[in-house]
Structure formats: C-alpha cells, structure tokens
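Okay, everyone, thanks for coming.

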Amino acid sequence: MAKILVAEDEEAVRSLVARVLSINDHDVKAVADGSAALEALSLDQYDLLLTDIVMPNVDGIALALKASAEYPGLRILMMTGYSDQKRRAHNLDVLIHDVLLKPFSIDELAKAVEQTLNAE
C-alpha cells in the first residue's frame, strides 16, 4: 500500500482516480489544484504525486518542479488531456516517471501507478 496525493481540478476525474486507487488498497488524498497539493505535501509524507498538468493557480509542471526539489524521494506521475502538454512534461524526464494521457481506462491508471511505484 502506498500513500498517494492526487492533484486534479476536474471533480469527476479527481473522484474517479481517488476511488480506483483506494480500491487498489492505496491511501489516497485528493486535492483540486497545485496550491492545495503543495500544502498537503508540507503536512504529510507521500510515496507518489499523481498530478494533472493543466490546473488553475499552480499547474502540474510548476508543482512537479517544486515538489521534486523539496521532496526528492517523491515519485511523480502526470496526467493530461492535451497532447502538447505531454511533450512539455517530457522536458522533465529526470523528475517524473511518465505522463498518462486522458481519457485513460481504470486498468491503464492502475498499471501506470504500479509501474511508477515500482520503478527504480
């Protein structure tokens, strides 16, 4: 079981992702934007940050940069519905494990999370 922080501004996606990860026996906290994610990271320790790229306030790229600098052991997996944002995120290959393209299936989500958690 891993402790996972989900940052996603779309309520339906955030709820679905949190539910799927909880069903897979992970301890999940879900927040609506990057600012809330940074606050959650300052209050607790997480194994994985799963973040959308395009969000209000602090976007996923800025969140990944700040989180990886402040919490070097944190694994980061990103998700986006915009293919151009995926290319933008891959400039961060050293900091993030992968980018999951929306829409994704429940199986794709679970597999991406497990691969990220088990990556060396």
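So, the chain has five helices and five strands; those are DSSP runs numbered from the N terminus, H or I of at least four residues for helices, E of at least two for strands. They run β-α-β-α-β-α-β-α-β-α from the N terminus on. Keep in mind that this is a predicted model: local features need pLDDT of at least 70, side-chain atom pairs count only at pLDDT 80 or more, and totals for chains, interfaces and linings use all residues. Residues are numbered from 1 along each chain as its sequence is written, and side-chain values use heavy atoms, leaving out hydrogens and water.

Now the sheet. It's an open one of five strands, order β2-β1-β3-β4-β5, with parallel pairing; strands pair if DSSP finds at least two bridges between them. β2 (27–31) and β5 (98–101) stand at the edges with a single partner strand each, so one side of each has no neighbour in the sheet.

Let's look at β1, residues 3–7. Five bridges join β1 to β2, and the two run parallel. K3 has D27 in β2 as its bridge partner. The charged end of K3 also sits over the ring of Y46, 5.6 Å from its centre. For that, NZ of Lys or CZ of Arg has to be within 6 Å of the ring centre and within 35 degrees of the ring normal.

Last one: how much of the chain is buried? Buried residues make up 47% of the 120 residues, where buried means under 20% relative accessible area, exposed over 50% and partly exposed in between, with a 1.4 Å probe and protein chains only.
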